[in-house]
Amino acid sequence: MKNVNLLLITAVLLMPQMAMADDTPTNAMAANDPTATTQTVSLYDQGIAASQANDFQKALPLFEQALRNDPNNPDILNMLAHSQRKIGLLDESLANYKKALELRPNFPEAHEYLGEAYIEAALRELEVLKSDGGDAKEEVEDLTNFIKDAAQKT
């Protein structure tokens with residue numbers, strides 16, 4: 001129970017509260033990439049709809065196909081990474097968030113999601129350490145304390 005509470009507290013304290021955009025996905029993507037084809041925008045919008053329904057298994061191939069059509073689109077990369085993270089493909093999502101941010105350094109949603117992914121990665125590593133049994137007791141304690149300290153700094 002302590003670890004669940006730590007996770008919740010850490011997530012709340014470390015993640016910025018982002019306002020939702022008023023634009024529809026199509027309008028937002030079109031504003032950021034006016035050269036996107038109708039097919040790409042349609043795939044992106046279908047992926048957004050699936051994501052909003054928490055159907056990330058459905059969203060993933062839609063964003064993958066949209067990215068094949070428009071490989072340097074940070075909006076698509078961000079949402080692909082979001083879907084990957086939500087279905088447990090954490091390493092792939094980290095790489096795609098970073099690509100999105102290389103293309104658009106001032107991309108608040110990608111920064112937020114990347115931060116969430118890093119927290120998930122830290123918690124994943126904590127679980128790996130815990131599964132090592134007593135051999136990693138000191139490391140479990142150190143990482144747990146680091147997470148707590150980081151949460152208190154915000």
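Before I start, residues are numbered from 1 along each chain as its sequence is written, and side-chain values use heavy atoms, with hydrogens and water left out. Because the model is predicted, local features need pLDDT of at least 70 and side-chain atom pairs count only at pLDDT 80 or more, while totals for chains, interfaces and linings use all residues.

Let me begin with helix 3, residues 38-52, where helices are DSSP runs of H or I with at least four residues, numbered from the N terminus. Its buried residues, meaning those under 20% relative accessible area with a 1.4 Å probe and protein chains only, include Val41, Tyr44, Ile48 and Ser51. Just after helix 3, Asn54 takes a positive phi of about 60°.

Next comes helix 4, residues 56-69, whose buried residues are Phe56, Ala59, Leu60, Leu62, Phe63, Ala66 and Leu67. These buried residues pack against helix 3 and helix 5, with contact meaning heavy atoms within 4.5 Å.

That brings us to helix 5, residues 74-86, and helix 7, residues 108-131, whose axes come within 10 Å and cross at roughly 25°; the axes are lines fitted to C-alpha atoms over the stretch in contact, and angles run from 0 to 180 degrees between N-to-C directions. Helix 5 and helix 7 are therefore roughly parallel to each other, a label given to angles under 35 degrees.

Which residues in helix 5 meet helix 7? They are Asn78, Met79, His82 and Arg85, and among their partners in helix 7 are Tyr113 and Glu116.

Key
Helix = DSSP H or I, 4+ residues; strand = E, 2+ residues; numbered from the N terminus. Parallel < 35°, antiparallel > 145°, perpendicular 65-115°, else oblique. Expected span 1.5 Å × (residues − 1). Buried < 20%, exposed > 50% of the residue type's maximum accessible area, 1.4 Å probe, protein only.
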